[in-house]
Amino acid sequence: MGDPKNALLSKDGDITIGTLISIHSKETLSSSEFTEKPQLICSSKNIVDLRLAQIMIFAIEEINKSENLLPNVSIGYKIFDTCGSRLSSMSATMAVMNGQEFAAGDRCNGQPPIHAIIGETESSATVILSRTTGPFKIPVISHSATCECLSNRRDYPSFFRTIASDYHQSRALAYIVKHFGWTWVGAVNTDNDYGNNGMAIFLNTAKEEGICVEYSVKFYRTEPEKLLNVVNIIKQSTAKVIVAFLTSFEMYNLLEQLYIQNITGIQMIGVEAWITAKNLIIPTSFQVLGGSIGFAVRNIKIEGFLDYVIKEFGETQNYIEDVPEQRYTSNIYKAVYAVAHALHNLLKCKEQEGCEKGLTIQPQQVVEALKNVNFTVKFGDRVWFDSTGATVAQYEVVNWQQDSDGSIQFKAVGYYDASLPPGQRFVLNSENIIWAGGQLEKPRSVCSESCHPGTRKAAQKGRPVCCYDCIKCADGEISNETDSNNCQQCPGEYWSNTENTECVLKAVEFLSFTEVMGIVLVFFSLFGVGITVLVAILFYSKKETPIVKANNSELSFLLLFSLILCFLCSLTFIGRPTEWSCMLRHTAFGIAFVLCISCVLGKTIVVLMAFKATLPGSNVMKWFGAAQQRLSVFAFTLIQVLICVLWLTISPPFPNKNMKYYKEKIIFECSLGSTIGFSAVLGYIGLLALLCFILAFLARTLPDNFNEAKFITFSMLIFCAVWITFIPAYVSSPGKFTVAVEIFAILASSFSLLLCIFAPKCYIILFKPEQNTKQHLMGKNTN
C-alpha cells in the first residue's frame, strides 16, 4: 500500500491549489492471496463530487483568463480522489503536501508544493485533513464541512470554509420545531463529528426552547445493527416528528429500512446534507420522506458553467440535467476565488502592472491573507470569513413535494439568514407546505406519556399542561402511583428504595465483629495480647538475670500488664454500641494508657536516678525506691481515674443514631457526651507521654552498653506521632471508619511500646545470652 498517490486531475501553474474530494465513493482491496501486491481500487463514481471538481477547474480557468485578478500569474491544481475512505484521504493528504519525489541532487527552491487545499466534503474527513496540515500552517478551505468542532481556532488555526457552521443550522432546527408547535420529537444523527456536534447543539437549544426530545439515537453507515436498533426505536416511539441530522449516506440507509418495515407518516426535519440529495430520489422515497422540511444551501446558478461542462467534458444531456441543482458548486467556486484574492494581495498585484513574480509565498502567509479577504463574486454574494473562519449562515427552507407527473421537487417555502436582525432571520410560508404522507394538515406531536411510579410530572414553563417531563423522585422521596404530581418525603429513619416507589428502613452502620475490617482489628488486638503474654512469660522465666533485674523488674511486669489492657480495650470499640459499652470503651482506653505511660515514666526516672546514684556522695535512690515507684504509678493513674469519673458523672458517652452524615443510612456510634471530658482524657495522656519523652531524651546519652532511655525515647516518639496524626484522621473519617481509626491508633501505639522497649531485651535473652551480664550492661566488660 506504500505506492505514491498521484493526482487524478492536475495542471501546472505559478501557484498550486490542492483538492481532496471523493470522486469515487467506494474503495476495495484487490487481492489478499499473497501472489501479487494488494491494490486499493476505487469504484462507484460520485457525480456530486465530480461536479465539484469541474466547478473548481472552471473557476481556475476563469481566474487565469482574468486581467484584473492575478493578471500575470497562473494557478495550477492537483485534484486527488479520496474514494470516500479515511485511508485514501490520509494518503492523498500526504501526497498533496509533499509534492513529487526529489531526484538525487535536486535542491529545494523555497517554493512550497502547495499553497492551499480545498476540501474535504465531509466533516470527519476534514477534521483529519486539518489536523494533519495544521502544523505546517497550510490553509484548508472546505465547501461543505459544517461541523461546529472546526470553529475552534486553537485546534484548527488554518481552517476556513465557504459554508456556515452547524451552530446556526442546529439552532434553526430547534426554531422551526418550535414554530410549528411540536413539543415531542425524536432525534437521529450520524455517529461522526458532523452529526454528533450538530445534534448536541440542537439538543441544548431544544431544551432552552422547551422542546421535549423523546429519544436521541445515532448510527454510522457501516453499522447495520445500530441502524436496525434506531428503526426499532422509531417504530416504538410516539413522537410523530423526527429531527434527522444525517449525511445523505446514512439517510439513504435509514430510508431503505423505514420503507422495508413500512414506517410512514412521520414528519422528517432535515439538514443541508440530505434534504436536497439526488441519491435519495428513488421510486419508494416519497412514501417515507414525502413532506420533509429542512434547510438547504442556497441554489445559485453560476453563469457559463453548464456550457463549460458540455464543451470541456463532452457529457450527454442526461448527465448534465443535475447541474442546476448542484447547491455546493457556488461554495467551491467561492473557495477558489478566496484563495485567488488572498494571493492577489500577497503578490501586490496591480491592474496594469501585474503581480510581483519574484516573491515566494508561504502557506502561512496565505492563511493570514485569507482572514482579510472581502470581495463579491459575479452572482452577487459577498465573501468574507468571520473569526471562526466560516461565512455567514444563509439557508433556504425546502419542502419535499410531488408534481402531477410523480417527480419529486424541492420547493422553497422560506429562508433563514443569520446576518439579519434576530426578529427577521426566519421566514416561513406555511400555506405552501405539503406535510408527511402528502397531507395538507400539519401533524400533531405532543408529549403525553404517563409517568410511572417513582417519578413525578413536571410541567414545562410556558408549555401546554399535557406536555410534561417525568422527573425521578429525589433520593429519600417516593411516589407509588402513576402520573403523580408530587413526591412524598420518607420519615426520619426511612429511605427510598432504588425505584423510589416505597420507603424502607435505613441501613444501620457500625463496626461489627463479623465484617472483614472488624475481624482484622480483633486479630491484631489478640495478636498483641498473645505477644505481650509471651514476653511476660519469658521475663518471668529469666527474672534473675541482670537484664530483667535492671531498671526494676516490677515496673516491667506492670508495664506488660498495662499493655495487655491496652490491647484488650480496643475490643470494646467493636460491636453494636450500648450505653455500657460507650462508657467503658473511652474510660478503659484512658485509664489503661495512663497506667502504661506511668510505668514507662517510672522506668525513665529510675534510669536517671540510677545514674545520679553512681556519683560520689549521692543518695538519690533512697528518694525513688520501689515504694516511691509504685506510689507514682498509682498517683498518675488515679488522676486519670478521677477525670473519667467526672466525665461519666457530668456528661457520659452514650449510643447515638447519627442521621446527618449520610442521608441514606444511619451511623450507630458512641457520642462523646462531653467533648471537654474526652479532650481532658487525651490531653492527660499526651502530657504524660511528652514528659516521658523529655526525660528519656535527656537520659539517652548515659554511658552504658544497653541504654534503655534510647528505646524509651524512640517508643515515645512513635507514640506521639501516632496520636498527633490520629486527631485529623479521627475528625475526617466517616461512620465506622472513625472507630477503626481510633482502634488503629490504640494498636499502633501499643505495639510501638511493646516492640521498642521489650524487643531489644528479648533479643539479648534469646540470642545473645553472653551479653546478659551486669558487666556488659554497665559497659565494664573487658577483652
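Which residues are linked with Asp191 in a network of salt bridges? The legends below begin with this network in the predicted model.

**View 1. A network of salt bridges includes Asp191 and Lys226.** Asp191, Lys218, Glu223 and Lys226 are the residues linked in this network. Side chains of opposite charge can pair when their charged atoms come close. Between Asp191 and Lys226, the N to O distance is 3.9 Å. This pair links distant parts of the chain, 35 residues apart. Asp191 belongs to the loop between strand S9 (184-190) and helix H5 (193-208), whereas Lys226 is found in helix H6 (residues 224-236). Asp191 is partly exposed, with a relative accessible area of 23%; Lys226 is also partly exposed, at 39%.

**View 2. A salt bridge joins Lys665 and Glu509.** The side chains of these two residues meet at 2.9 Å, N to O. Lys665 counts as partly exposed, at 22% relative accessibility. Glu509, by contrast, is buried, with a relative accessible area of 11%.

**View 3. Lys371 and Glu368 form a salt bridge.** The closest N and O atoms of the pair are 3.4 Å apart. Lys371 is partly exposed, with a relative accessible area of 39%, and Glu368 is partly exposed, at 45%. In the structure, the count of salt bridges comes to 13.

**View 4. Ring pairs link Phe58 and Phe305 into a cluster with other aromatic residues.** A search of the whole structure finds 25 aromatic pairs. Phe58 and Phe305 form one that is tilted, with 5.7 Å from centre to centre and 55° between the planes. Phe58 lies in helix H1 (residues 47-65) and Phe305 in helix H9 (residues 305-313), so this pair ties together parts that are 247 residues apart in sequence. Both Phe58 and Phe305 are buried. The cluster also contains Tyr308, Tyr333, Tyr337 and Phe379.

**View 5. Phe180 and Trp182 form a tilted aromatic pair.** A pair of aromatic rings is described by the distance of the centres and the angle of the planes. For Phe180 and Trp182, the ring centres are 5.0 Å apart and the planes stand at 40°, so the pair is tilted. Phe180 and Trp182 are both buried.

**View 6. Arg161 is a buried residue in strand S8.** Strand S8 comprises residues 159-161. The relative accessible area of Arg161 is 0%, which means that the residue is buried. Leaving aside residues up to four places away in sequence, Arg161 touches several others, among them Ile141, Cys147, Glu148, Phe385 and Thr391. Ser151 is another of these contacts; Arg161 and Ser151 are 10 residues apart in sequence and 9.7 Å apart in space, C-alpha to C-alpha.

**View 7. Arg153 lies over the face of Phe160.** The distance from Arg153 to the centre of the Phe160 ring is 5.1 Å.

**View 8. A nonpolar patch on the surface includes Val520.** The patch is formed by Val516, Val520, Phe523, Phe524 and Phe527. Together, these residues have about 490 Å² of accessible area. Val520 is placed in helix H12 (residues 516-541) and counts as partly exposed, at 38% relative accessibility.

Methods:
Residues are numbered from 1 along each chain as its sequence is written. This is a predicted model: local features need pLDDT of at least 70, side-chain atom pairs count only at pLDDT 80 or more; totals for chains, interfaces and linings use all residues. Side-chain values use heavy atoms; hydrogens and water are left out. Helices (H or I, at least four residues) and strands (E, at least two) are DSSP runs, numbered from the N terminus. Buried means under 20% relative accessible area, exposed over 50%, partly exposed in between (1.4 Å probe, protein chains only). Contact means heavy atoms within 4.5 Å. Patches are made of residues with over 30% relative accessible area and no salt bridge: like charges are joined within 9 Å, nonpolar side chains (Val, Leu, Ile, Met, Phe, Trp, Tyr) within 5 Å. Accessible areas come from the Shrake-Rupley method with a 1.4 Å probe; for residues, only the protein chains shown count as cover. A salt bridge is a side-chain nitrogen of Lys or Arg within 4 Å of a carboxyl oxygen of Asp or Glu. Rings of Phe, Tyr and Trp (its six-membered ring) pair if their centres lie within 6.5 Å; planes under 30 degrees apart count as stacked, over 60 as edge-to-face and the rest as tilted. A charge sits over a ring if NZ of Lys or CZ of Arg is within 6 Å of the ring centre and within 35 degrees of the ring normal.
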